[in-house]
Each structure stands twice: as C-alpha cells, then as structure tokens.
Amino acid sequence: MAAWERVWIDADMYSQDLHSLINCTQCHGGQAVDDMTIAHTDMIDRPAKNPETCGACHTDVTPASLNSLHSTLAGYDTVLYARSVPENHPALEEAEANHCNSCHTTCGDCHISQPYSVGGGLLDGHAYVQTPPMSQTCTACHGSRVKNEYFGLNEGFPSDVHFRERMSCSDCHTADEIHGVGITADHRYDGEQKPNCEDCHQDQIGVGSGIEQHEIHGTEILSCQSCHSVEYTNCVNCHLSKTDEGTPYYTVESHNMGFYLARNALRSAERPYRFVTVRHVPIDIDSFSFYGDNLLPNFNNLPTWAYATPHNIQRNTPQTESCEACHGNNDIFLTIDKVAPAEREANASIIVDQAPPLPDGYVPATAVETEVPTDNSTDFWGGGGDTTPTPEPPTDFWGGGGSDTPTPEVTPEATPDNFWGG
Amino acid sequence: MKFRNSLFFLIVGFVLIGAGLLTQVMGVAHASPPKVQQQPTPVVPPFTDIACLECHTNQEALQTLAVEKEVVDSHSEGPG
C-alpha cells in the first residue's frame, strides 16, 4: 500500500459512515488547520489504542474486547509463565514488549485499518468495516501458519476445503469469539471449543452419523483434525536478540512440514480426544537467554509439541485412505525418536509409544470381501466376543497373495477425489 | 321463577364483567412498566474539521505530501 493510500479518506465511502459525524480531532487529536505540521502536532495515529475512543459508544463489545486474547496476548504469558518462575516475569515481559507486543490488536486495527503490526493503512477509505477482510486483517497477522495452510501456500499441500468453498475466517470464528464476548480464557485452547466443527457438521459427527469411520471412532478418540488435516508447519527453536543499534529480532532455527498425532495434553470435557494433531512451537530453553540466564527453569512443564488445529482441512487425507494409514503406522505418531533428546521430558506426557495396532481379528478389506462373512462387524471392530473364527490374513499387506513383488508405497494419488478432498 | 333466575344470572354476569373491566383499567393504571435502561446519548458536536477532510480526501495532495515509511531491514529469520 502506497503512503498516500494509507491515509486517504474515500469521501464517498466515509460520508456514508456514521462515524463521519464525529470531528476528526475528537479521536485523533491534533488541530483542524490548513498547516500540515501544526495539524499533525500531537496527533494520535491509532486512537483506538485508547479504550475510551470506541468504548464510549460501543459499550456492548469494547470491555470484552479489551480482555480478549487478541488485545491482551495473555496466551504468551500463560505458556511462558508456566515454564518460568515469578522472579523471572519482569525479564520475560521485557522480551515480550520488544518482540511480541506489536501484535496487540485494537478495534481500529481490524475495523478501520490493517493491523499496525503489518504496516497499517486504511482498509476502506476510513469507513468502518463491519467484517474485516480476511487477507488484509486476519491472515495479515496469522500468516506463517494459518494463512499458508488455509490458502494452500505450502508447496505440495492443498488449501483448506473451507477456503475452496469461499469461506472466510469469520464464517467460523464469530465476532463474539474474536471479541472475547462471554469468554474468559488465558490461552487459545482454554474452555469451550470455538469454533467447533460440530456447529456446522452436526449430522456427520460420531456414532449415528452413518459415516463408517466416524461410527467406529466416535467422538472421544480423535480430534477432527487428526483425520482431516494434512502436513503443516512446525517451527523449531526461536531465539530472541537485539542488534547493536537496539533493534529487536528473532531467529527461528528451522522449520519444516510434518504431521504428527500425539496424546492430548489438554484432555477435558471440551476436548476429550485421546489423540490430537500437535505442532512444534518455536520455544527452546534458551529462547530468552538474551534477556537473562535460565529464564525458563521449568521448561519441562509444558510440551514443546503443542495441541494444534491445522487450517488445511480436507475431506480425504492420507489418514482416511485405509485403516493401516494410522493403525500400526508409527510415521504419523509422535514417537520418542521424533522428539529431540533435550525435549523428551517436556513431552513425556504426550509421546506415543507406538501407533495403535489394528484391532484383533482385523483382516484387510480385500480379504474380507472374499473370505469373511459380512455380518461380523461387531467383533471385527472389537465390540464383542470373538466367536467367528478369523481367517488368516493374507501374507501380503495389500492382500496380493504374498508374491515377491515389492509392496507399493502408500502414496495417495493427487487427484481431487482422494488426497485433495475435492 | 324462571324469569327471576335468568334476571339474577344476568345481573351477576354484568357485575362480574364490570368488575373485570374495572380491574383491568386499574391494573394498567397502577402497573409500573419495566424501566428501560437509557443509554446516554453521545453528544456529537457539529462537524467543523473541514481542513482535515479537505486534505485527506484529496488524492493528488496526498500523493505529493505523503511520505513513504522508511523500510527498516529486518534481522529476523524464519516464520514469525
């Protein structure tokens, strides 16, 4: 956005906005005079930073919004303080002030301009925008993970099925959720799931849905993302520092694409799943060492592989291809070999010993069709007594009769009907 | 006898209807409607900041006057 565009008021648009009845100087300060220098003296470029500016009229939403995670960034404190001790909090707060706090959002950062942290600039000629545009606001901040996943910008991985259906962030994330209305949460996954897949897909969830895999797995074994998301970005070891001139910067040691299921560290009534997708967060025991020694003495209190809800949902994924895609497949589970030795204690509660085996008596589908009666599904899925003799599984994984031909790789074809979820 | 009974019931009926109507009227008259919390009406002074708008709605003027932000090279590496 060019410099002039950032501050250009669209007379046609703005004149339709009720806010145009308010004098500019009432919110922005400065003086309404022709001399530019005098006019801009003591001008407030982001008046919404002052809660009174919007809160004087919008009493229904402003107080909640001021306490929302978007405004307080309390999620950072929660995960850092859990790994630290109170005497280290001032040093951590200094680090947050230098490196994190520019992400604070005000009302104006979404409804009037692009967020300050991504350069600002009026969205719609200063007219109030009821539903902030996704690309200029939401994904302008939530870029490196959510945006890339949702838009399909990670090379080789598809966009989210909801994006392909032209859904924007606010179609799932309601205004109340974003403003924190009725929510007292100290981190993103605290309390009720918002949004909840079930809000739209109520007929497709769990037992009674008529969807075979949902019938089998119910609603308490796997989060929806466990089966319906694909690989996502994992970041490793972020370190903070400052240049000689005092400019703060960070360095993420590495990042890579991966998909891992682990035990659910946040298991609760709201999130009862045994297995969930986990993302490596860029924390390291020395992430804040620029600001002091040993600032995270309780580093092992939280996993470094964190509960995640990747934004690249597909109807069909490699996990939905077959039972064997997950059962017995250690590749997609966070087994100990995938966790850095220095982080194993922190992740002990979520590391999976090995992938869940196939149920007793399981026979690959091809064999079932030819050798097993079709009415034994209850026993087959471990739901009852095993009175039916189970035929020997074929010698070959794919039911090919044990030929010497090498087993084909389990690579789904990239066609709209399978991997890409068309 | 029949006529006297009918007259009696007619009078009783009128009395009951009258009492009902009276109760309604009195009830409404004495009922206190729920108090609606009046939001203070914001007082918006007349718009006088014409000078601000004259400049900020003038694309040509802004293109001349607006200064590009100094781009500071970021030393950060990796996804933010």
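**Confidence.** This is a predicted model, and I began with pLDDT, the predictor's confidence in each residue from 0 to 100. In chain B the lowest confidence is in helix 1 (residues 2-30), with a mean of 72, and the highest is in helix 2, at 97. I took helices as DSSP runs of H or I with at least four residues, numbered from the N terminus. Chain B has an average pLDDT of 79, and 71% of the residues score at least 70. Where pLDDT is low, the predicted coordinates should not be read in detail. For the complex I noted an ipTM of 0.75 and a pTM of 0.78 from the predictor.

**Conventions.** Residues are numbered from 1 along each chain as its sequence is written, and chains are lettered from A in the order in which they are written. In this predicted model local features need pLDDT of at least 70, side-chain atom pairs count only at pLDDT 80 or more, totals for chains, interfaces and linings use all residues, and side-chain values use heavy atoms, with hydrogens and water left out.

**Interface.** I looked up the contact (heavy atoms within 4.5 Å) and found 32 residues from chain A and 28 residues from chain B. I then searched for salt bridges (a side-chain nitrogen of Lys or Arg within 4 Å of a carboxyl oxygen of Asp or Glu); the count between chain B and chain A is 0. On the side of chain B that touches chain A, helix 2 (50-56) and helix 3 (59-65) of chain B each supply at least two residues.

**Aromatics.** I counted rings of Phe, Tyr and Trp (its six-membered ring) as paired if their centres lie within 6.5 Å. The whole structure has 9 aromatic pairs over all chains. One aromatic cluster is formed by Tyr150(A), Phe151(A) and Phe163(A).

How values were computed: Phe/Tyr/Trp six-rings, centres within 6.5 Å; stacked < 30°, edge-to-face > 60°.
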